[in-house]
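Subject: Structure handover

Hello,

Please find the structure below, with the sequence alongside. My notes on what turned up in it follow.

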Amino acid sequence: MHFCVALWMLVTIRRSPTVQISRSMAARVNLSRWAAADSAHRLEAAGLVKLAKLPGRSFRITLVEAGTSTPLRLESRG
């Protein structure tokens, strides 16, 4: 749950379906890096996100339309 809160907070702030959750951001929501990695992999297995990983970097996480590889379209309200 903490991982999803951090993910949604970053997506909302950055207004982009693609974000990176750094160690410091994970620590803000009381989440270890191992729990964050496990959560990211579980969401990927469920088809809700796509992960891109570079050595020595945080995951690049893209929210996708459920069951597809299409990035989630964010609507702005205004």
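Leaving aside its neighbours within four places in sequence, Val49 is in contact with Leu7, Ala40, Leu43, Glu44, Ile61, Thr62, Leu63 and Val64. Contact here means heavy atoms within 4.5 Å.

Some ground rules before the rest. This is a predicted model, in which local features need pLDDT of at least 70 and side-chain atom pairs count only at pLDDT 80 or more, while totals for chains, interfaces and linings use all residues. Residues are numbered from 1 along each chain as its sequence is written, and side-chain values use heavy atoms, with hydrogens and water left out.

The core

Val49 also belongs to the largest nonpolar core, which has 19 residues. A nonpolar core is a set of buried Ala, Val, Leu, Ile, Met, Phe, Trp, Tyr and Cys residues joined through side-chain atoms within 4.5 Å. Buried means under 20% relative accessible area, exposed means over 50%, and partly exposed lies in between (1.4 Å probe, protein chains only). The residues with the most contacts inside this core are Phe3, Leu7, Ile21, Leu31, Val49, Leu51 and Ile61. Two or more core residues come from each of helix 1 (2-14), helix 2 (23-28), helix 3 (33-45), strand 2 (49-52) and strand 3 (60-63). Helix 1 gives the largest share, 5 residues. Helices (H or I, at least four residues) and strands (E, at least two) are DSSP runs, numbered from the N terminus.

Trp8 is also found in helix 1, but it is partly exposed, with a relative accessible area of 47%. Beyond four places in sequence, Trp8 is in contact with Leu63 and Leu72. Its C-alpha is 12 Å from that of Met25, 17 residues away in sequence.

The strands

Strand 2 and strand 3 pair in the antiparallel sense over 4 bridges. Strand 1 (residues 18-20) pairs with strand 3 as well, again antiparallel, over 3 bridges. Two strands count as paired if DSSP finds at least two bridges between them.

Which residues of strand 2 are on its covered face, and which on its uncovered one? Val49 and Leu51 are on the covered face, Lys50 and Ala52 on the uncovered one. Across the pairing, Leu51 stands opposite Ile61 in strand 3, and Lys50 stands opposite Thr62.

At 15% relative accessible area, Thr62 is buried. Not counting residues up to four places away in sequence, Thr62 touches Pro17, Thr18, Leu48, Val49, Lys50 and Pro71.

The loops

Ser58 lies in the loop between strand 2 and strand 3 and is partly exposed, at 24% relative accessibility. Its contacts, with residues up to four places away left out, are Gln20, Ile21, Ser22, Ala52 and Lys53. Ser58 and Gln20 are 38 residues apart along the chain, yet their C-alpha atoms are separated by 6.1 Å.

Two residues other than glycine have a positive phi: Arg15, near 55°, and Asn30, near 60°. Arg15 is found in the loop between helix 1 and strand 1, and Asn30 in the loop between helix 2 and helix 3. Arg15 is exposed at 72% relative accessibility, and Asn30 is exposed at 66%.

Charges and rings

How many salt bridges does the structure hold? The count is 1, where a salt bridge is a side-chain nitrogen of Lys or Arg within 4 Å of a carboxyl oxygen of Asp or Glu. The side chains of Arg42 and Asp38 form it, at 2.9 Å from N to O. Side chains of opposite charge can pair when their charged atoms come close. Arg42 and Asp38 both lie in helix 3, 4 residues apart, about one turn of the helix. Arg42 is exposed, at 58%, while Asp38 is partly exposed, at 37%.

Lys53 lies over the face of Phe59, at 5.6 Å from the ring centre. The criterion is NZ of Lys or CZ of Arg within 6 Å of the ring centre and within 35 degrees of the ring normal.

Regards
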